[in-house]
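Subject: Structure handover

Hello,

Here is the structure you asked about, with the sequence.

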Amino acid sequence: MDFTQAIEIAEDIYWVGYVIPNDPFQCHVYLIKNGDESILIDPGSMITFPVVLEKITSITPLRNIKYIIMHHQDPDIVSCFSTLETLMPQKEKFIVTHWRAEMLLKHYQWKTPFYLIDENNWKLTTANRELEFIFTPYAHFPGAFCTYDKKTGIVFSSDLFGGLTKEFSLYAKDVDSYFEAAKPFHKHYMPNKEVLHHALLQVQNKNPEMIAPQHGSIITKDIINPLIEKLKTLECGLYLLDDYESDLYVLNTTDELLKQFLQDTVSLSSFNLVLQNLFNNIQKVISSIKEINVCGVSPISHKEYCFSFSKKDKVKFIDFIKESEFEYTRDLKQNDKVIGQIFIKISKKLDLKEQNMLKILLNKISIPIAISLEKELILKDLEENNKLLYQKAITDPLTKLYNREYMIEYLRNKIKESKRYNFPLSVAIIDIDFFKKINDTYGHLIGDCVLKELSNLLKQHFRDTDVVARYGGEEFIVIMPFSSKKEAFKKMECFRNVVEEFIFCDKTNVKLTISVGISEWNRKKDDIETLIKKADERLYEAKKSGRNKVVCH
């Protein structure tokens, strides 16, 4: 393609942009040739204006442009218009935009009147074609919208579907490569996942033939839906990670590492495996990371333990370390109390990007590591020092789960931490359906066997940071720090299915089901009693409405 010329991307629709040299942030301008009602879409900045003007006039005279669509008010879209307006003949023309953009654009004091899409039924009708406007609020600003040309099926998507491409490509080559280009753009540009998801659905509902974004590359029909499905998975709002860092590579890579770490803490029960995965993932992007050690002092015996992770050794325990051998250290705190430290050894000096990435990551993971470390230190100490006595004090003798007293104390501490560090906390109460019938049918020995085997299943299916306790009789309670009500529901529904398929107490082949009630701690309303009471009420709902179900609302 000759990018020095206007390029027709569909019948009477032209790309009239300018390829800015060595810039991943390309800005596209589009023209719909429509007689004396032609439409210019996002006229652009003064950087692109001389070339854009030449391309426009090669297709149609400026006097034929009646509508100028401005999807938002940013300079990359509108800054050339003060000059363009003086060149356009004095005839009827309109700036087409949303009222929220007009609030700011009016300060340019242009002479061209506004055509507000929200006051015109979200449509623009001309002699030869009709445009519809798709409201995509907050992606990336309150009045964001896209433009749909009914005649060709093209969506002009403004910033939505934009990408940061190393090399210019007018058309996206494939789903995966363009997703990688669109990912950092959307993750830092969109405020959150919900906003992006809503905007993508609004566009998807139009079943477009082509998407022409203002940035990145044009997206053809064959890759639109696969790309949308991948974009729906993005967690957005990268700038929430750090107040000072602005490098998108650093923010995006750190976000990926953090996301994987949090997934591991949810899905893996082993503290060692979580940290080994963390080391492996950091090492992939910062190859000079040679070794990570996590050390802490047991709150019981005050003995120090160190967990060492490297590429060569999966995990090893060492008695002490020399701090001088490590280039990076960080305290691991919980409630302003130092639980331990993390020590990082490198093979060569980190560059500035790697240093910033490591700093942000350590800031974000220090609290969950501290919580897991404290529990790991206690368990490690119990193995070596008087484990039996302590375990007796906090363990239910039949099921070997934590007892009610320990559960109450643990939950009280987690509520304080959740309030201080603003992480979600959920509680689930589990009850065996028709447990009395099991005792009556098989006897109390089998009933005890069922309780023990269910307890073992609970231990196997919940992570280290979750605490499982026997609440009383055939009831159990699971405390889930860092889990929202929605996440807790997924975990409990998965566990309910496991129980339903499990055969208890081999020779008797007992089958059973469970009912579960879930509540999430509300820092404004709940104390520990209210939190448990809500879960108990929802357990009652589950049993009342037929049993063998999880209720969380």
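Which cysteine does a disulfide join to C449? The partner is C505, with an S to S distance of 2.2 Å. Please keep in mind that this is a predicted model.

The link of C449 and C505 is left-handed, with -125° about the S-S bond. C449 sits in helix α14 (residues 444-461), while C505 is in the loop between α15 (485-501) and β22 (514-520), so the bond ties together parts that are 56 residues apart in sequence. C505 is buried, at a relative accessible area of 5%.

The structure holds two disulfides. The other one is formed by C295 and C306, whose sulfur atoms are 2.2 Å apart. Its S-S torsion is about 115°, so this disulfide is right-handed. C295 belongs to strand β14 (residues 289-297) and C306 to strand β15 (residues 304-310), so parts 11 residues apart in sequence are tied together. Both C295 and C306 are buried.

Two further cysteines are worth a look. For C27, the closest cysteine sulfur is in C80, 11 Å away, which is too far for a bond. C27 is buried, with a relative accessible area of 9%. C146 is in no disulfide either; the nearest cysteine sulfur, in C236, is 15 Å away. C146 is buried at 0% relative accessibility.

Last, the glutamate. E354 is part of helix α10 (residues 352-384). E354 is buried but has no salt bridge, and the nearest side chain of opposite charge, K348, is 6.8 Å away. Beyond its neighbours within four places in sequence, E354 is in contact with V285, I286 and S288.

Regards

How values were computed:
Residues are numbered from 1 along each chain as its sequence is written. This is a predicted model: local features need pLDDT of at least 70, side-chain atom pairs count only at pLDDT 80 or more; totals for chains, interfaces and linings use all residues. Side-chain values use heavy atoms; hydrogens and water are left out. Helices (H or I, at least four residues) and strands (E, at least two) are DSSP runs, numbered from the N terminus. Buried means under 20% relative accessible area, exposed over 50%, partly exposed in between (1.4 Å probe, protein chains only). Lys and Arg count as positive and Asp and Glu as negative; His and the chain ends are not counted. A salt bridge is a side-chain nitrogen of Lys or Arg within 4 Å of a carboxyl oxygen of Asp or Glu. Contact means heavy atoms within 4.5 Å. A disulfide is a pair of cysteine sulfur atoms within 2.5 Å.
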